[in-house]
Amino acid sequence: QVQLVESGGGLVQAGGSLRLSCAASGRTYTMGWFRQAPGKEREFVATITKSATSAYYGDSVKERFAISRDNARNTVYLQMNSQKPEDTAVYYCTATSTWVITQDHSMYNYWGQGTQVTISS
């Protein structure tokens with residue numbers, strides 16, 4: 001069973017930056033991030049292949065966020081820049097047990113507990 005532990009959330013002003021980290025125990029393949037704001041559906045943020053050669057982003061975060069991973073540390077990161085109040089949400093780290101790469105949250109097998117990110121205007 002894979003466990004995912006996120007860290008790095010917090011409160012920043014609009015225009016600021018945060019970096020989220022997610023440490024995995026056990027074998028993972030594709031890893032990614034989703035977010036969920038109060039009263040809204042879970043939203044795809046970013047995903048990255050195991051080799052880190054390909055990454056995909058949700059339309060609302062393109063050009064501002066960057067996903068990366070360090071397989072030696074079994075850790076995935078989400079660098080968030082130029083943040084906006086609408087980025088406020090609980091951010092979830094996720095991983096698959098197969099080579100699939102997808103924006104469909106139902107295809108991800110493992111989920112972290114979530115970390116709160118709040119952007120003040």
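Biologist: So which residue is the bridge partner of Cys22 in E8?
Modeller: Val76 is the bridge partner of Cys22 in E8. Strands here are DSSP runs (E, at least two residues), numbered from the N terminus. Keep in mind that this is a predicted model: local features need pLDDT of at least 70, side-chain atom pairs count only at pLDDT 80 or more, and totals for chains, interfaces and linings use all residues. Residues are numbered from 1 along each chain as its sequence is written, and side-chain values use heavy atoms, leaving out hydrogens and water.
Biologist: OK, how many bridges join E3 to E8?
Modeller: Six, and the two strands run antiparallel. Strands count as paired if DSSP finds at least two bridges between them.
Biologist: What's the strand order in that sheet?
Modeller: E1-E3-E8-E7, an open sheet of four strands with antiparallel pairing. E1 and E7 each have a single partner strand, so one side of each is left without a neighbour in the sheet.
Biologist: Switching to rings: how many aromatic pairs are there?
Modeller: Six. Rings of Phe, Tyr and Trp (its six-membered ring) pair if their centres lie within 6.5 Å; planes under 30 degrees apart are stacked, over 60 edge-to-face, the rest tilted. One of the pairs is Tyr29 with Trp99, edge-to-face at 4.6 Å and 70 degrees.
Biologist: Is Trp99 buried or exposed?
Modeller: Exposed, at 64% relative accessibility, whereas Tyr29 is buried at 14%. Buried means under 20% relative accessible area, exposed over 50%, partly exposed in between (1.4 Å probe, protein chains only).
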